[in-house]
Amino acid sequence: MFSSFVSPRQVKIGDAAAFAGTTPRAIRHYHDIGVLPEPERGSDGRRRYGYDEMIRLLWIRKMADAGVALEDIRGAFADDAGGDADAAGNGGAGGDGGADGDRAPIDPQVTRVLDRLESTLVAKEAELRRQRAAVQRMRTRGSRLGLLDDIVAGRLESLPEGSVRRDDLDTLLVTERMLGPLAAAMQAGRFVALATHPVLREGSDRVDAAEEALDDTVAVDDPRVAQVAAERHAFEEALQAAIEASGQDAEDEAILDAWDELHPAGDDAIDGAGAVDAVGGAVDADGRGAGPRRMSAAEAISKMPYDYSPARWRCMELALELGAPEPSAPSAAE
């Protein structure tokens with residue numbers, strides 16, 4: 001006795017999409033790019049999908065779920081069509097390779113596709129491990145401190161909670177981006193000193209406020225500019241004296257030695273100019289990033305906006321001049 005259920009010979013696009021686990025929109029896209037040939041249409045003008053179309057659609061979904069690009073899927077089906085023609089010319093399914101067609105050697109083009117896909121997946125696995133490590137650091141150290149490089153965050157994580165301000169972390173973030181993690185780790189020593197010397201922190205806040213007051217209403221030659229520059233110079237000398245007295249020099253040397261050990265000369269991870277990875281690298285045909293390009297420290301600095309007035313920039317210049325070493329007197333021989 002025949003079952004009361006009779007499977008349809010053809011189905012509409014909605015039923016085909018539901019069965020294959022995709023959407024009608026995706027199937028139309030497959031048609032547009034030639035991955036899935038257009039099927040015949042019914043008397044109502046709508047597409048109808050039979051057994052062969054459904055089989056191909058299922059294979060497309062399997063390959064896409066495995067990460068194979070649609071362009072590569074199209075190429076694979078084109079190769080299959082050529083292989084089927086060859087098989088037919090050699091006796092079709094009755095040939096030696098008919099029954100074991102799924103075990104036949106993979107076409108070289110498909111092999112290249114699979115090799116490239118495997119390389120991409122390996123890179124994605126590494127990226128996922130990096131992201132997971134970042135999430136774990138954020139949980140352990142805090143959402144901001146945990147996103148800085150380990151060599152930077154490691155220097156601050158032993159400080160009491162709240163002693164490192166958000167502005168401090170913002171500054172380290174910018175330095176890390178411009179000059180690299182090592183420069184930011186050296187700068188972190190400054191914030192260690194501020195966090196452990198309340199008087200210095202008060203002095204820092206006072207000078208910062210004085211500099212911020214040098215807005216666009218203050219002329220470059222206003223006497224306050226030189227006065228604030230002198231205050232900044234005096235504070236930086238006091239801060240440096242405190243850093244030297246705390247024994248941070250030895251810690252700096254240890255950090256430098258550890259960095260050199262991890263990044264020997266010629267290592268591509270860093271160059272002498274302090275190059276950093278730039279966002280917006282090339283994109284390949286599949287829409288995947290082809291890797292970041294390198295950007296010099298000078299280029300990075302030129303792209304970072306600062307909302308400083310001319311008076312404040314002049315104040316910074318004067319403070320640097322005050323901190324510059326005195327030129328040595330010429331010798332008698334000269």
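Biologist: Which helix holds E53?

Modeller: This is a predicted model, in which local features need pLDDT of at least 70, side-chain atom pairs count only at pLDDT 80 or more, and totals for chains, interfaces and linings use all residues. Residues are numbered from 1 along each chain as its sequence is written, and side-chain values use heavy atoms, without hydrogens and water. E53 belongs to residues 51–65, a helix being a DSSP run of H or I of at least four residues, numbered from the N terminus; that helix is α3.

Biologist: How does E53 count by relative accessibility?

Modeller: Buried means under 20% relative accessible area, exposed over 50%, and partly exposed in between (1.4 Å probe, protein chains only). At 25%, E53 is therefore partly exposed.

Biologist: Which residues does E53 touch, leaving out those up to four places away in sequence?

Modeller: P37 is 16 residues from E53 in sequence, with 8.1 Å between their C-alpha atoms. With contact taken as heavy atoms within 4.5 Å, the residues that E53 touches are L36 and P39.

Biologist: Is T175 buried or exposed?

Modeller: T175 sits in helix α7. Its relative accessible area is 12%, so T175 counts as buried.

Biologist: Which residue's side chain makes a polar contact with that of T175?

Modeller: Beyond its neighbours within four places in sequence, T175 is in contact with G180, A183, A184 and Q187. The C-alpha atoms of T175 and Q187 are 8.2 Å apart, across twelve residues of chain. A polar contact is an N or O pair within 3.5 Å, where within protein one atom can donate a hydrogen and the other accept it, and sequence-adjacent residues count only if both atoms are side-chain atoms. At 2.6 Å, the side chain joined to T175 is that of Q187.

Biologist: How far apart are the end C-alpha atoms of α8?

Modeller: Helix α8 has 16 residues, 181–196. The expected span is 1.5 Å times one less than the number of residues, so α8 should span 22 Å. The separation in the model agrees, at 22 Å.

Biologist: At roughly what angle do the axes of α8 and α9 cross?

Modeller: Axes are lines fitted to C-alpha atoms, for helices over the stretch in contact, with angles from 0 to 180 degrees between N-to-C directions. The axes of α8 and α9 come within 5 Å and cross at roughly 110°. Because 65 to 115 degrees counts as roughly perpendicular, this describes α8 relative to α9. The value is roughly 110°.

How values were computed: Helix = DSSP H or I, 4+ residues; strand = E, 2+ residues; numbered from the N terminus. Parallel < 35°, antiparallel > 145°, perpendicular 65-115°, else oblique.
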